[in-house]
Amino acid sequence: MKLQGTMRINDRGHLEIGGCDTVELAERFGTPLYVLDEQYFRQNCRNYNRAFMEKYDGEVLYAAKTLLTLAICRIIAEEGLSLDVVSGGELYTAKKARFPMERVYFHGNNKSADELKLALEYKVGRIIVDNQYELLMLNKLAGEAGVHVKIMLRLTPGVEAHTHEYIKTGQIDSKFGIVIENGQAMEIIKQAMALENIQLTGLHCHIGSQIFEMESYTHAAEVMLGFTALVYQETGWQPEEMNFGGGLGIYYTSADEPQPVSKYADMLVPAVQTLAKSYGLITPRVLVEPGRSISGPAGTTLYTVGSVKEIPGIRTYVAVDGGMGDNPRPALYQSRYEALLANRADQQPEETVSIAGKCCESGDMLIWDINLPAPAPGDILAVSSTGAYNYSMSMNYNRLPRPAMVLVRDGAADIIIARETYDDLIRNDMVPERLGESKVVRMAGAN
Ligand SMILES: *Cc1c(COP(=O)(O)O)cnc(C)c1O
């Protein structure tokens with residue numbers, strides 16, 4: 001496993017993160033446990049700040065869907081980033097954390113009237129409108145609320161980023177955004193310009209996720225600016241800001257070669273500037289929405305090894321006390337991860353094993369074929385790069401309580417998400433009176 005952020009192996013041979021011995025973290029807080037490296041998370045924020053805001057006067061929106069809690073909102077606010085939210089729940093979290101609402105951008109392909117009303121009430125900075133239905137509903141709601149709302153339009157530029165098919169969103173056949181190529185985008189821009197409660201400030205696109213090819217972004221810039229030139233010709237309107245979404249790839253395994261944020265900025269922004277100039281347009285302010293590349297590498301999940309089942313000549317299954325409940329990505333996308341034994345991090349690998357989760361699904365496998373020192377019950381397995389789309393996608397399948405998350409820094413560990421209890425699991429269960437205990441006996445013979 002590649003050591004990232006503040007990870008190191010201490011003199012006890014244990015994996016340490018943020019100055020905390022992970023074996024001690026496992027003992028103190030239990031497993032499975034999400035560990036978030038605060039310094040690394042902040043460093044990733046700062047890299048974006050420097051590359052886009054300081055150098056080019058751009059804006060960086062952290063994609064909340066990758067990992068959002070009240071504490072994360074506080075860190076994002078402190079680091080001076082803006083926030084991209086995609087639901088009423090994420091919006092509410094930001095509000096409760098007292099995140100500055102003018103720095104909130106509200107996304108989503110099917111925002112409800114209630115969610116839009118909440119966004120208007122909270123006075124979010126922008127609403128990224130995904131389709132015509134939403135545009136008309138928002139105009140009506142803004143009128144009823146007596147407000148003028150700033151929006152951007154999400155377009156589908158038809159750029160395919162090199163990534164896993166399921167997480168591609170830039171192609172034309174997508175549930176997200178308005179298609180440029182067939183004229184629908186031009187129509188909706190004209191419509192938005194004519195609506196009395198709407199102020200169209202810019203355009204948005206998001207070409208995919210886990211992207212390593214920086215040319216995908218410059219290609220998106222070419223499509224977006226080329227289209228903008230047509231829009232300007234036909235309507236006289238041009239965007240003051242352009243949002244290129246997120247998607248920068250991170251290191252999960254040695255197959256991944258992440259590009260530095262500075263390279264991403266230095267390819268994208270000058271491309272936008274040059275294109276704008278060549279078309280005689282004002283240069284729009286460039287916005288980006290990184291999620292995974294901020295939160296992903298900063299997270300590690302600790303598990304305790306239980307059963308080790310060897311099928312001679314076939315495979316050894318090493319079962320851990322979590323799995324698809326806390327990390328659905330391998331089951332959903334066949335995502336790959338690296339791991340090590342945190343309590344024996346200084347030992348050489350001697351066996352190829354596969355890491356199984358504890359859910360009742362054969363597909364609940366966290367890692368196929370990984371080399372480790374022969375794992376034994378009680379070992380602590382650390383899986384790296386689990387900061388993004390793990391907790392936020394976690395679930396209670398098999399009624400497994402979701403793990404706690406600790407924020408580690410300089411030897412201190414603070415819980416930022418409490419571990420769920422069995423009582424949390426039944427908190428929303430209701431038993432109708434006709435199913436009450438006194439009825440159980442009679443029901444057997446009733447008809
Ligand atoms: C998911 C998403 C992001 C963040 O993508 P990452 O790959 O996590 O950087 C940004 N913008 C939009 C619109 C998204 O859907």
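Modeller: Helix H2 bends by about 35 degrees at Asn 49. The model is a predicted one.

Colleague: What span does H2 reach from its first C-alpha to its last, and what is expected at 1.5 Å a residue?

Modeller: H2 covers residues 38–56, which makes 19 residues. Its end-to-end reach is 26 Å, close to the expected 27 Å.

Colleague: How should I read the pattern of burial along a helix, and which residues of H2 are buried?

Modeller: As a general idea, an α-helix has 3.6 residues a turn, so residues three or four places apart point the same way. In this helix the buried set includes Phe 41, Asn 44, Cys 45, Tyr 48, Ala 51 and Phe 52. Asn 49, where the bend falls, is also buried.

Colleague: What is found at the start of H2, and what follows the helix?

Modeller: At the start, a side-chain oxygen of Asp 37 comes to within 3.4 Å of the backbone nitrogen of Gln 39. After the helix comes Asp 57, with a positive phi near 60 degrees.

Colleague: Phe 52 is on the buried list of H2. Which residues touch the most other members of the largest nonpolar core?

Modeller: Phe 52 is one of them, along with Leu 83, Ile 127, Ile 151, Leu 153 and Phe 244. That core has 90 residues. Helix H9, residues 261–278, contributes the most to this core, with eight residues.

Colleague: With which residues is Ile 127 in contact, leaving aside neighbours within four places in sequence?

Modeller: Its partners include Phe 106, Leu 116, Leu 120, Leu 138, Val 149 and Ile 151. Lys 111, Glu 134 and Lys 150 are also in contact with Ile 127.

Colleague: How do I pick out backbone angles that deserve a second look?

Modeller: Most residues other than glycine have a negative phi, and most peptide bonds are trans. Here, the bond from Thr 31 to Pro 32 is cis, with omega near -10 degrees. Pro 32 sits in the loop between helix H1 and strand E4.

Colleague: Where are Arg 98 and Asp 410 found, and are they buried or exposed?

Modeller: Arg 98, with phi near 60 degrees, is in the loop between helix H4 and strand E7. Its relative accessible area is 64%, so Arg 98 is exposed. Asp 410 has phi near 50 degrees and lies in the loop between strands E20 and E21. Asp 410 counts as exposed because its relative accessibility is 62%, and the cut-off is over 50%.

Technical notes:
Residues numbered from 1 in each chain as written. Predicted model: local features only at pLDDT ≥ 70, side-chain atom pairs only at ≥ 80, totals over all residues. Heavy atoms only, no water. Core = buried A, V, L, I, M, F, W, Y, C linked by side-chain atoms within 4.5 Å. Buried < 20%, exposed > 50% of the residue type's maximum accessible area, 1.4 Å probe, protein only. Helix = DSSP H or I, 4+ residues; strand = E, 2+ residues; numbered from the N terminus. Contact = heavy atoms within 4.5 Å. Expected span 1.5 Å × (residues − 1). Bend = angle between axes of the 7 residues up to and from the residue. Polar contact = N/O pair within 3.5 Å; in protein donor to acceptor, adjacent residues only side chain to side chain.
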